[in-house]
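Here is a friendly walk through one protein model, meant to be read with the structure open beside you. Have a look at the strands as you go.

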Amino acid sequence: MDISRIMQVLNVAEKAAIAAAKWNGKGDKKAADQAATEAMRSAFNQIDFSGRIVIGEGERDEAPMLYIGEELGRGGEAIDIAVDPLEGTNLCAYNRPNALTTIAIAPKGSLLFAPDTYMWKIAAGAGCAGRVHIDAPPAQNVAAVADVLGKPVAEVNVCILLRDRHKELIDAIRATGARIRLIDDGDVFGAIATAVPDTGIDLYLGSGGAPEGVLAAAGLKAIGGVFMGRLDFSIDPHGAEKRERALKTAEIDIDAPLTMDMLVRSDEAAFIACGVTDGEMVSGVSDIGGSITTSSIIMNSYDKTVRFVRTTRMHEGSKIHF
Ligand code: VTB
């Protein structure tokens, strides 16, 4: 995406983060999500583009805003949009690290309409393409990442969502001697962080939301990292009916390993995340003396860049605090 479009969408992510952060630590994840969603929708509608939600808050009948298929903007260039307005609603509600507002944008028709179910995922940073695979045993993937990074397996840090279904996976990683960073929520962060050296996360493994997989794939593809997924309807309480539906409507073989090129069918995609709570990748929203500062990460295919952007919004009488 060209830089002017990126700046417009960055502004959307920032506005959503500022709205969500008012709910940091307030124990109300619904209110936080709603605030982020409303702010995001309203900011998208200011943009001179023809945006279309491909990944959003749900189907039209269950989500009043940012529903799948919703059209946004004032008209212009046709753009596919994937959003999770508040990725990690619990993280925000309980003021835990790495709640983010997340957006991926790509030319129309290029983002996969992923079914709202689970996906097994593997993500790793640059250099790991062709070395790790969603179907390879965990120990093999850890060994490959250790080799690429030039460090012993014992120093590889694997991020995994803390869920009962991951017991076997966690045991397998423990057996290799590698480190594990367990996270309560927020696997878009976990996957993207593999490509951001200062986070200390080298590999992401495990199952989380399929829509979140498309968001992470957009970021990792943009900067030459690796992401692969495999849909899993069996974890989902409504999996059987969702599988039936996906069999009829999906644009892909729903049982196949999904590559970044299947999830994001363009070399023009970009991923933007703005911090809501503080985290290892970006800081959360801070409001000091009336000036509000946000921190964001942008991964853009167009110029193969990763940008960290700190924005301070001045209000009357406020001073900038860097
Ligand atoms: C997943 C993960 C998300 O919620 O969707 C998870 O991808 C829900 O998983 O990042 P469970 O149903 O097992 O709780 C997040 O962690 C946060 O939205």
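## A strand with two partners

Strand E11 covers residues 270-275, and E4 pairs with E11 in the antiparallel sense over six bridges. Two strands count as paired here if DSSP finds at least two bridges between them. Strands themselves (E, at least two residues) and helices (H or I, at least four) are DSSP runs, numbered from the N terminus.

Strand E4 also has strand E3 (residues 77-87) as a partner, again antiparallel, over seven bridges. In that pairing, Asp80 stands opposite Ala106 in E4. Strand E4 (residues 100-107) is mostly covered, with seven of its eight residues buried. Buried means under 20% relative accessible area, exposed over 50%, and partly exposed in between, using a 1.4 Å probe and protein chains only.

## How the model was read

Please keep in mind that this is a predicted model: local features need pLDDT of at least 70, side-chain atom pairs count only at pLDDT 80 or more, and totals for chains, interfaces and linings use all residues. Residues are numbered from 1 along each chain as its sequence is written, and side-chain values use heavy atoms, with hydrogens and water left out.

## The six-stranded sheet

Now find the open sheet of six strands, which runs in the order E7-E6-E8-E5-E9-E10 with mixed pairing. Its edge strands are E7 (179-183) and E10 (258-259), each of which pairs on one side only.

Within this sheet, strand E5 (residues 118-124) and strand E9 (residues 226-232) pair in the antiparallel sense over seven bridges. Lys121 has Gly229 in E9 as its bridge partner. As a reminder, strands of a sheet pair through backbone hydrogen bonds, either parallel or antiparallel.

## The whole protein

Stepping back, the protein contains nine helices and 14 strands. Its radius of gyration is 19 Å, close to the 20 Å that the globule rule gives for 322 residues, so the protein is as compact as a globular protein of that length. The radius is taken over C-alpha atoms, and the rule is 2.2 Å times the number of residues to the power 0.38. Along its principal axes, the C-alpha trace spans about 55 × 45 × 40 Å.

Buried residues make up 55% of the 322 residues. Among contacts (heavy atoms within 4.5 Å) between residues at least 6 apart in sequence, 70% join residues at least 24 apart.
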